[in-house]
Amino acid sequence: MTDREISYVEALNEAVAQEMERDPSVFVFGLDVDDHKGIQGSTKGLLERFGKDRVFTTPLSEDAMTGVAIGAAMAGMRPIHVHIRLDFLLLCMNQLVNIAAKAHLL
């Protein structure tokens with residue numbers, strides 16, 4: 001085995017593509033994930049490879065889209081919700097702390 005050096009973004013893209021290839025229940029969604037330039041290349045080529053049903057853009061609503069991801073995961077899907085800016089990631093904490101973390105109590 002030869003060592004190879006790739007960037008973090010390339011590694012992320014490669015890992016997502018490998019998992020999507022392996023498991024058809026994996027899908028990627030988030031703001032501008034269908035445009036590889038919008039996510040610094042981390043989703044480059046995924047739309048062309050896996051189609052618009054598994055790689056699609058969403059409205060700018062971190063809280064709502066995190067809720068969608070939680071619901072999809074609870075239904076057996078394997079969502080990858082891409083948050084493009086860390087400073088907005090905290091907006092989804094309501095869904096993570098108050099919904100996902102307590103869902104097993106329902």
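How many aromatic pairs does a search of the whole structure find? The search finds three. Rings of Phe, Tyr and Trp (its six-membered ring) count as a pair if their centres lie within 6.5 Å; planes under 30 degrees apart are stacked, over 60 edge-to-face, and the rest tilted. The model is predicted, so local features need pLDDT of at least 70 and side-chain atom pairs count only at pLDDT 80 or more, while totals for chains, interfaces and linings use all residues. Residues are numbered from 1 along each chain as its sequence is written, and side-chain values use heavy atoms, with hydrogens and water left out.

F27 and F56 form a stacked pair. Their centres are 5.9 Å apart, with 10 degrees between the planes. F27 lies in strand 1 (residues 26-30) and F56 in strand 2 (residues 55-56), so the pair ties together parts that are 29 residues apart in sequence. Helices (H or I, at least four residues) and strands (E, at least two) are DSSP runs, numbered from the N terminus. F27 is buried, at 11% relative accessible area. F56 is partly exposed, at 29%. Here buried means under 20% relative accessible area, exposed over 50%, and partly exposed in between (1.4 Å probe, protein chains only). Ring pairs also bring in F29, which is linked with F27 and F56 into a cluster.

Three strands form an open sheet with parallel pairing, in the order 2-1-3. Strand 2 and strand 3 (78-82) stand at the edges with a single partner strand each, so one side of each has no neighbour in the sheet. Two strands pair if DSSP finds at least two bridges between them. Strand 1 and strand 3 pair in the parallel sense over five bridges. Within strand 3, P79 stands opposite F27.

S42 sits in the loop between strand 1 and helix 2 (46-50). S42 is buried, with a relative accessible area of 10%. Neighbours within four places in sequence aside, S42 is in contact (heavy atoms within 4.5 Å) with V9, L12 and N13.

On the surface, L90, M93, L96 and V97 form a nonpolar patch. Together they have about 360 Å² of accessible area, by the Shrake-Rupley method with a 1.4 Å probe; for residues, only the protein chains shown count as cover. Patches are made of residues with over 30% relative accessible area and no salt bridge; nonpolar side chains (Val, Leu, Ile, Met, Phe, Trp, Tyr) are joined within 5 Å, like charges within 9 Å. A salt bridge is a side-chain nitrogen of Lys or Arg within 4 Å of a carboxyl oxygen of Asp or Glu. V97 belongs to helix 5 (residues 93-99). V97 is partly exposed, at 43% relative accessibility.
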